[in-house]
Amino acid sequence: MDDGLRVTDRWVVPAAELRERFSRSSGPGGQGVNTADSRVELSYDLANSPTVPDWLRSRALARLANRLVDGVLTIAASEHRAQLANREAARARMTALLREAAAPPPPARRATRPSRGAKERRLADKKRQSQRKRDRRTDGE
């Protein structure tokens with residue numbers, strides 16, 4: 001657990017830049033529910049991290065804008081009963097989010113025109129549909 005997060009081949013978030021907070025999970029439990037702090041909040045200051053390259057920082061901040069609070073990304077994990085399992089789940093989700101934010105943008109769409117066959121099929125379908133509706137009329141119009 002002491003090592004950092006390997007986001008990409010060239011981007012590793014050191015463990016010193018991650019903050020973990022532990023608290024009690026909500027929901028039903030057993031004997032230890034009132035004493036075990038198994039919920040984990042993992043925080044990473046993306047805006048001020050020295051390990052993020054500037055070109056990547058702007059892309060990640062733009063893509064994660066709705067998840068950041070003052071430039072800090074926070075992940076909460078409480079789905080497991082054990083604190084260690086929640087720590088691993090939070091780290092996995094943080095890594096996946098950062099990897100998705102760091103991914104290059106998709107290539108721009110090249111505009112294309114419909115083929116002649118596609119146009120003919122569309123028009124034939126329109127004629128078939130209008131004939132079907134015409135056949136359903138009872139007043140003979």
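Trainee: Which side chains meet in a salt bridge at 3.8 Å, N to O?

Mentor: Those are the side chains of Glu20 and Arg91, where a salt bridge is a side-chain nitrogen of Lys or Arg within 4 Å of a carboxyl oxygen of Asp or Glu. Please keep in mind that this is a predicted model, in which local features need pLDDT of at least 70 and side-chain atom pairs count only at pLDDT 80 or more, while totals for chains, interfaces and linings use all residues. Residues are numbered from 1 along each chain as its sequence is written, and side-chain values use heavy atoms, with hydrogens and water left out.

Trainee: Which parts does the pair of Glu20 and Arg91 tie together?

Mentor: Glu20 lies in strand S3 (residues 18–23) and Arg91 in helix H2 (residues 83–102), so the pair links parts that are 71 residues apart in sequence. Helices (H or I, at least four residues) and strands (E, at least two) are DSSP runs, numbered from the N terminus.

Trainee: Is Arg91 buried or exposed?

Mentor: Arg91 is buried, its relative accessible area being 10%, whereas Glu20 counts as partly exposed at 25%. Buried means under 20% relative accessible area, exposed means over 50%, and partly exposed is in between, with a 1.4 Å probe and protein chains only.

Trainee: How many salt bridges does a search of the whole structure find?

Mentor: The search finds eight salt bridges, and one of them joins Arg116 to Glu120, with the closest N and O atoms 3.2 Å apart. Both of these residues lie in helix H3 (residues 116–136), four residues apart, which is about one turn of the helix. Arg116 is exposed at 67% relative accessibility, while Glu120 is partly exposed at 46%.

Trainee: New topic: how many residues has the largest nonpolar core?

Mentor: That core has 24 residues, and those with the most contacts inside it include Trp11, Tyr44 and Met94. A nonpolar core is a set of buried Ala, Val, Leu, Ile, Met, Phe, Trp, Tyr and Cys residues joined through side-chain atoms within 4.5 Å.

Trainee: Which element gives the largest share of this core?

Mentor: The largest share, seven residues, comes from H2, and the elements that give two or more residues also include strand S4 (39–45) and helix H1 (54–63).

Trainee: What is Met94 in contact with, leaving aside its neighbours within four places in sequence?

Mentor: With those neighbours set aside, Met94 is in contact with Leu5, Leu42, Ser43, Tyr44, Leu73 and Ile75, where contact means heavy atoms within 4.5 Å.
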